[in-house]
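I opened this model to look up a few things about its packing. My notes follow in the order I took them.

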Amino acid sequence: MGKGVKRKLQKGDITVVDKKIAKQSILGTSLGNAMEWFDFGIYSYLAVTIGKVFFPEVEPSAQVIYAFATFAVAFIARPIGGIVFGMLGDRLGRKKVLAITLIMMAIATLAIGLIPGYSSIGIAAPILLLVARLVQGFSTGGEYAGAMTFIAESTPDKKRSVMSSVLEVGTLVGYIAGSGLVTLLTFILGSDTMLEWGWRVPFFVAAPLGLIGLYFRSHLEETPAFKAMEEEKEESKSKSSLKEIFVNHWKSLLICVGVVLFYNTIVYMVLTYMPSYLSEQLGYGETKGLLLILIVMVIMIPFVIGMGYLGDRIGRNKILISALILTIILSIPAFMLAGNSNGINAFWGVLILGCLLTAFQGTLPATLPSLFFTNVRYGSLALTYNVSTSIFGGTTPLIVAWLVKETNNNMVPAYYLMAVCIIGIIVVAFFVKETAGRSLRGSLPVVEEPAEVEEVLKNPEEALWWEEEVTDNTPRHVKSINQ
């Protein structure tokens with residue numbers, strides 16, 4: 001079907017989402033995401049201790065770099081996991097795959113807590129740590145992209161940003177739980193005991209958290225968009241493939257890589273690198289640095305939801321471009337404050353970065369799924385999100401830590417952020433279509449109240465905005481919907 005073909009939108013085409021099911025979907029998916037980021041968070045906040053336990057032969061100044069190198073290595077497995085779980089998610093459904101990824105993450109995290117240190121088994125210790133991190137990376141490859149897809153497909157068009165922002169609240173809650181536990185244990189046990197055995201405790205907590213998350217996810221219903229696609233007889237004969245994704249959706253793939261580049265660089269800079277930056281580079285005590293980040297993350301939660309709400313009202317792209325510009329302007333002042341010996345000034349510096357991050361957390365979980373059509377959404381998003389994250393986001397702590405060490409310049413993180421934000425402005429301004437209040441690409445409209453159906457029918461061209469981009473290469477299920 002070409003661009004000139006119009007379709008008649010009918011009342012039965014519009015889905016009125018069940019509010020109770022939508023809330024359950026958000027809760028179940030976000031809790032699982034919180035558990036995932038609890039796992040990643042505790043590794044990040046224990047990076048200094050892990051460096052001492054698994055790399056004691058390395059000079060102290062380089063131990064944290066080795067620890068972050070092990071952290072970054074896991075991102076090699078993320079694109080592979082993204083391809084495997086993404087393809088399964090588009091074929092078997094979002095719900096089943098999200099349960100699998102959660103189980104794998106919990107087992108791998110528990111395993112890290114059980115690995116003996118270098119002093120006990122020598123070189124086998126860091127090797128086993130590496131294996132566990134690779135399993136974590138593989139499972140995470142399907143986790144976050146699947147969670148974004150699931151929530152985006154389960155929420156009404158006009159509230160997609162604010163409801164999807166809850167996913168990032170789950171991220172913060174997971175980080176808060178992880179950092180809070182590490183901070184509390186460090187305060188109670190002291191650095192020596194933490195180094196001896198206390199660091200293992202947070203990893204042991206992953207097992208029961210995984211069971212709780214699995215319980216909630218097992219009670220989720222499949223998304224309306226996926227169920228609608230499965231009901232198409234033609235689609236049942238033709239499933240998505242990597243060839244279809246690369247041939248028919250390469251433009252969206254490149255756009256997604258560009259968006260994730262700046263997004264995850266900022267995420268990992270603020271939430272993963274900052275604790276070690278404060279303690280190792282600026283001389284803050286471990287407890288003080290962790291507590292400062294913890295307070296900032298708590299403050300960030302309402303801002304994330306507020307940004308999601310604002311994105312639904314005025315448009316997500318306006319929020320994104322404004323936040324990118326402000327990050328360029330405020331990065332140097334923020335890191336100058338963070339590097340101040342005055343704890344209050346340091347707090348304000350980290351808070352500025354945290355608040356800027358909330359603008360992306362509140363809008364991008366709704367923006368990214370809208371880049372792809374339904375039958376390839378999970379696979380395409382998982383592939384591009386994880387490739388971009390692995391190359392740019394996950395390596396941020398390692399690269400920045402190395403640059404700071406080599407240049408002896410504590411302002412390097414600010415320059416790094418400014419550079420990626422310039423790229424971000426170009427990508428969003430010229431290549432990302434505004435989709436606030438609109439249906440997902442390739443999906444029919446979804447509303448919250450029956451009264452909204454008539455409103456949508458009055459402006460079908462706006463509801464089916466993506467029809468303008470349909471070509472003869474568009475997936476078959478999209479053509480069948482529009483013919």
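Entry 1: I started with Phe54, which is buried, at a relative accessible area of 1%. The cut-off for buried is under 20%, so Phe54 qualifies. I kept in mind that the model is predicted.

**Entry 2: its partner.** I looked for aromatic pairs and found 6 in the structure. In one of them, the rings of Phe54 and Trp199 have centres 5.6 Å apart and planes at 80 degrees. I then checked where the two residues sit. Phe54 belongs to helix H2 (residues 47–54), while Trp199 is in the loop between helix H7 (160–196) and helix H8 (201–204). The pair therefore ties together parts that are 145 residues apart in sequence. Trp199 is also buried, with a relative accessible area of 1%. I noted one aromatic cluster here, formed by Phe54, Trp199 and Phe203.

**Entry 3: another pair.** Phe347 and Trp348 form an edge-to-face pair as well, at 5.7 Å centre to centre and 70 degrees between the planes. Is Trp348 buried, partly exposed or exposed? Its relative accessibility is 46%, so I put Trp348 down as partly exposed.

**Entry 4: a residue in H7.** I went back to helix H7 for Met163. Its relative accessibility is 14%, so Met163 counts as buried. What does Met163 touch, leaving aside its neighbours within four places in sequence? I listed Ile26, Ile151, Thr155 and Pro156. I also took a C-alpha distance: Met163 and Ala152 are separated by 8.3 Å, and they are 11 residues apart along the chain.

**Entry 5: H4 and H9.** Next I turned to helix packing. Helix H4 (residues 94–114) and helix H9 (residues 206–218) have axes 9 Å apart and pack at an angle of about 175 degrees. Angles over 145 degrees count as roughly antiparallel, so that is how I recorded H4 and H9. On the H4 side the contact includes Lys95, Leu98, Leu102 and Ile103. On the H9 side it includes Ala206, Gly210, Leu214 and Arg217. By class I have 9 nonpolar, 5 polar and 2 charged residues for the contact of H4 with H9.

**Entry 6: H14 and H19.** The axes of helix H14 (residues 316–338) and helix H19 (residues 412–431) come within 9 Å and cross at roughly 165 degrees. H14 and H19 are therefore roughly antiparallel to each other. The crossing of H14 past H19 is left-handed. Among the H14 residues in the contact I noted Asn317, Leu320, Leu324, Ile328 and Phe335. H19 meets them with residues including Pro413, Tyr415, Met418, Ile422 and Val428. What classes of residue make up the contact of H14 with H19? I have 17 nonpolar and 4 polar residues, with no charged residues.

**Entry 7: the whole chain.** The chain has 22 helices and 2 strands. Of its 483 residues, 58% are buried. I also looked up contacts between residues at least 6 apart in sequence, and 85% of these join residues at least 24 apart.

Definitions and conventions
Residues are numbered from 1 along each chain as its sequence is written. This is a predicted model: local features need pLDDT of at least 70, side-chain atom pairs count only at pLDDT 80 or more; totals for chains, interfaces and linings use all residues. Side-chain values use heavy atoms; hydrogens and water are left out. Axes are lines fitted to C-alpha atoms, for helices over the stretch in contact, and angles run from 0 to 180 degrees between N-to-C directions. Helices (H or I, at least four residues) and strands (E, at least two) are DSSP runs, numbered from the N terminus. Angles under 35 degrees count as roughly parallel, over 145 as roughly antiparallel, 65 to 115 as roughly perpendicular and the rest as oblique. A crossing is left-handed if the near helix is turned anticlockwise from the far one by less than a right angle, and right-handed if clockwise. Contact means heavy atoms within 4.5 Å. Ala, Val, Leu, Ile, Met, Phe, Trp, Tyr, Cys and Pro count as nonpolar, Asp, Glu, Lys and Arg as charged, and the others, Gly among them, as polar. Rings of Phe, Tyr and Trp (its six-membered ring) pair if their centres lie within 6.5 Å; planes under 30 degrees apart count as stacked, over 60 as edge-to-face and the rest as tilted. Buried means under 20% relative accessible area, exposed over 50%, partly exposed in between (1.4 Å probe, protein chains only).
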